[in-house]
Amino acid sequence: MVFGTRAHAGASGGIYPGCVASKRQIFVGDVPVGGGAPVVVQTMCKTETANVEATMDQIRKVADAGSDLVRVAVPRDKDVEALKTIVRDSPIPVIADIHFNHTLALKAIDAGAHCIRLNPGNIGGREKVAEVAERANAAKVPMRIGVNSGSLHKHLHALERENPVEALVTAAAEFVEMMESLDFTNFKVSIKSTNVPNTIAANRLLAEKVPYPIHLGITEAGTKWSGSLKSAVGLGTLLADGVGDTIRISLSTFHAEEEVKVAWEILKALGLRERGPVLIACPTCGRLQFDMDTVVTEIEQRLEAYEEPIEVAVLGCAVNGIGEASHADFGITGAKNEGLIFAGGKPLRKVPQEELVDELFAEIDKSLHRGSVEVEAEKAAEGAEWLRKIEEENAGDLTPERIAAMEKAAAEEEGRDVTAEPFLKPVKAGRVELDEEASPTAGRRFTRA
């Protein structure tokens, strides 16, 4: 058994046919962005950059959480001074965030910043942008240029009131043309808005117009709860379309690592990148016979210590049994007083309910160390028999397995070839299982995202 072999889209394109990644590629430090590279995760420090100790502490935390890049605010000269040390000591490339003062951008380049975030619309005009572009070209430092819905140039305000999406795209296109006219093409582009539909529409249009890497984000998205949802909807939609080469989740929290965790869950949910386990958990219902909330929370916390891209399922009752998560590498399903540990859709053993979590992780650890799952035939048979009895007790419920069996029986009665049915495929002992790749309800499993 090979763990963590989830099907996913390639790094160079979207999930749906016809999606194409940005053609151009830039390097921020040693991290490739665009041109078919994996989608890059970044965040921004919440600390005062001049406070080197606090900033470095947060950078290490976000790097440990999986951030590929980190951005720091540089509004003052003392932040530039701190930047020298931060760039030297940071485990990941550092982006200097500059607004209003182009001289700070020049100094940040000299301080060794791996990238400059610049809004050409608020930096003081073409001549000042040209100075920064010339210095960046000489140092081979890329830039991120872009617009936010709250900082459009005055000449676009009327258009913004009439058509905010067109105004955003026009502003970005003007900045791209400016940079190209300055012989600077080492950049990525961003269009950000607090409005999710506008962000989606604007970035789709931008992707059709420019070949440069695109940075995605929902600006000022909100709290960890609402901001995560907005970002998942907006960024997830675009990424599924094949639009976007790097992402940042903007949350109202002092813990930047939380932004990184959300970003990774979005990428994992779309199958664009893998990092650590995926937890699958049923939503619970009236059949629940154990404290699943506590169990799921404990499992989620303990899984944070694992780097392997395994899928772990937690099912609240044995009625849906293994079938709802037969694709999972490991899992548990519970009933009153007892539960079942399974792997790869096969029962391993039943255990007392209070031991489910510890026994699950004991099995995960043994299997990962061994490189495969070891099945003890007697215990597996005992577990399968326990599951069969539970299913008999709930014979009136339409579980996925029971629905599949009914479809198979109907097909046989009509003289149709069961193996040719689009939603069924034969397995051992004459049973059938749902085929997620063919089913119109593919992906309906419950994955935390």
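## Packing of helices H7 and H8

In this predicted model, the crossing of H7 and H8 is right-handed. Helix H7 covers residues 196-209 and helix H8 covers residues 224-240, and the two pack at an angle of about 20° with their axes 9 Å apart. Because angles under 35 degrees count as roughly parallel, H7 and H8 are therefore described as roughly parallel to each other.

On the H7 side the contact is made by Val196, Thr199, Ile200, Asn203 and Arg204, while H8 contributes Lys230, Val233, Gly234, Thr237 and Leu238. By residue class, the contact of H7 with H8 divides into four nonpolar, four polar and two charged residues.

## The eight-stranded barrel

Eight strands, in the order S3-S4-S5-S6-S7-S8-S9-S10, make up a closed barrel with parallel pairing. From one strand to the next, the twist averages 25°. One of the pairings is that of strand S4 (residues 69-73) with strand S5 (residues 94-98), which run parallel and are joined by four bridges; here valine 72 stands opposite alanine 96 in S5.

## Strands S13, S14 and S15

Strand S14 (residues 338-343) is mostly covered, with five of its six residues buried, and it pairs with both S13 and S15. Strand S13 (residues 330-334) runs antiparallel to S14 and is joined to it by four bridges, with isoleucine 332 standing opposite isoleucine 341 in S14. These two strands form a hairpin that has three residues between them, and in the turn asparagine 337 has a positive phi of about 75°.

The pairing of S14 with strand S15 (residues 346-352) is likewise in the antiparallel sense and extends over six bridges, with glutamate 338 standing opposite proline 352 in S15. S14 and S15 also form a hairpin, in this case with two residues between them, and the turn includes glycine 344, which has a positive phi of about 55°.

Note on methods: Residues numbered from 1 in each chain as written. Predicted model: local features only at pLDDT ≥ 70, side-chain atom pairs only at ≥ 80, totals over all residues. Heavy atoms only, no water. Axes fitted to C-alpha atoms, helices over the stretch in contact; angles between N-to-C directions. Parallel < 35°, antiparallel > 145°, perpendicular 65-115°, else oblique. Left-handed = near helix turned anticlockwise from the far one by under 90°. Contact = heavy atoms within 4.5 Å. Nonpolar A, V, L, I, M, F, W, Y, C, P; charged D, E, K, R; others polar. Pairing = 2+ DSSP bridges. Buried < 20%, exposed > 50% of the residue type's maximum accessible area, 1.4 Å probe, protein only.
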